[in-house]
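Let's take a walk through this structure together. Have the viewer open and follow along.

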Amino acid sequence: SMLGSLGENLTNTMKKLAGMSVIDKKVVKEVVKDIQRALIQSDVNIQLVLKLSKTIENRALNEEPPKGITPREHVITIIYEEMVNLLGSEAKELEINKKPFKILFLGLQGSGKTTTIGKLCKYLQRKGFSPAVVCTDTWRPAAYEQLKQLTEEMQIQLYGDPENKDALDLAEKGLKQFKNQKIIIFDTAGRHKNEDDLIEEMNKLDKIIEPDESILVIDGTIGQQAGEQAKAFSQATDIGSIIISKLDGTAKGGGALSAVAETGAPIKFIGTGERIDEFEAFDPERFISRLLGMGDIRSLIEKAEEVIDEDKATKTMNNMLSGKFTLEDMKNQFEMMNSMGPMQQVMNMIPGLGAKVPKEASQMTEDKINSFKIIMYSMTDEEMKNPKIIKHSRITRIARGSGVDENDVKELLKYYNNTKKAMKGIGRRGMGGGAMNRLVGQFMK
Ligand code: GDP
């Protein structure tokens with residue numbers, strides 16, 4: 001599993017939290033302790049862990065939950081947000097913005113540099129690019145062969161010459177050969193007589209190639225030492241991205257990621273296995289959701305916030321469930337559908353209700369909703385609040401006003417009546433108010 005036991009421990013903590021009925025100081029402290037333990041086991045720097053846990057605890061105990069958010073959801077959101085901050089908060093993409101776009105790959109031998117070049121090539125191919133690769137590693141005899149095998153499989157052009165021992169000359173020749181390519185990737189040596197010589201060679205290559213992006217590959221299994229490595233390379237050359245490899249199954253991945261993020265260097269990709277497709281763009285939010293076992297919790301929280309923030313929506317939901325359901329509420333409901341997805345989907349989120357959605361509601365298309373909205377614009381306030389009064393002459397007037405057939409107005413009224421009936425039924429079966437809160441709550445389990 002991702003990051004070995006870290007994911008498992010954090011997921012269990014979140015599950016425990018989701019199951020708590022009361023969130024008090026004791027619970028918050030216990031949860032923070034669990035998180036501390038999990039992160040320290042994953043080799044996250046102690047100072048970072050202490051800072052993080054203090055922030056979570058302070059926020060959880062002092063911040064007022066936003067309106068419509070339960071204390072439990074609030075604490076979950078805080079943990080999520082602070083964990084995302086620990087990893088640098090924002091996803092940073094590799095932007096191919098000129099031609100040729102030159103990428104210089106750096107990394108110590110064994111870090112997974114060569115494998116990662118293959119992975120990035122595949123990733124770029126999927127995006128419609130066809131990168132070319134230049135091998136300047138003159139230190140490891142098998143480097144060229146390994147690249148040749150990788151690139152041949154993907155039908156990617158490779159320039160190299162195992163007989164040539166001059167890395168700078170190889171770089172120049174490769175540049176010339178591929179000058180019309182969209183993307184050129186330069187592999188470099190990961191080892192030298194000594195570290196200074198290696199850094200010197202990287203500096204010279206940097207001057208010759210003038211890369212648009214220097215990518216450093218760091219082995220994730222070294223844990224928080226990855227931070228030192230990122231700093232050392234950053235001093236030698238301007239590192240544009242970092243790729244952390246081997247995050248599959250290592251117990252120290254959390255340490256590697258957080259230490260690198262702390263240096264401010266952008267982690268753009270992660271390697272999650274030996275296979276060429278075990279590679280992904282790094283997005284702290286998505287990564288943390290997965291690590292905490294929360295699925296798409298972020299988007300759900302946002303969606304729920306959008307809805308909950310509006311008094312109108314809450315009122316509509318309460319009216320819907322209590323049977324006091326007007327055309328005004330139905331119009332609001334249509335607007336809510338726009339922000340939360342189709343009715344069927346919204347109702348499916350509430351266990352036990354999925355099957356009970358009125359057939360008409362589940363079959364509502366966007367076109368239908370829009371045509372209903374247009375019809376409602378031709379109604380008076382009085383009609384919207386008290387639809388019972390809409391009879392023959394009113395139907396004729398509304399149809400003419402909105403440019404539709406009288407049958408369309410009748411269809412709208414029928415839909416309204418059926419929905420009202422169904423909603424009343426649901427309300428009586430005990431949904432009561434706070435349906436949206438419960439809806440969000442369900443996703444935490
Ligand atoms: P280089 O010396 O930096 O070019 O490293 P290589 O690309 O030859 O990789 C060294 C070893 O790490 C190889 O056995 C790779 O299969 C392995 N490796 C590379 N990336 C990953 C990864 O994301 N996960 C795992 N499990 N192994 C990896």
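**From a loop to the sheet**

Start in the loop between E6 and helix H10 (253-262), where Lys246 lies; helices (H or I, at least four residues) and strands (E, at least two) are DSSP runs, numbered from the N terminus. Residues are numbered from 1 along each chain as its sequence is written. Please keep in mind that this is a predicted model: local features need pLDDT of at least 70, side-chain atom pairs count only at pLDDT 80 or more, and totals for chains, interfaces and linings use all residues.

Lys246 has a positive phi of about 60° although it is not a glycine. Is Lys246 buried or exposed? It counts as buried, with 26 C-beta neighbours inside 10 Å. Here a residue is buried if 20 or more other C-beta atoms, placed from the backbone, lie within 10 Å of its own, exposed if 12 or fewer, and partly exposed in between.

Glu210, in the loop between helix H8 (195-209) and E5, also shows a positive phi, about 45°, without being a glycine. Glu210 is exposed, with 10 other C-beta atoms within 10 Å.

Now for the sheet. It is open, with eight strands in the order E3-E2-E4-E1-E5-E6-E7-E8 and mixed pairing; two strands pair if DSSP finds at least two bridges between them. Strands E3 (158-159) and E8 (279-281) stand at the edges with a single partner strand each, so one side of each has no neighbour in the sheet. Strand E2 (residues 132-135) runs parallel to strand E4 (residues 183-187), joined by four bridges, and Cys135 stands opposite Asp187 in E4.
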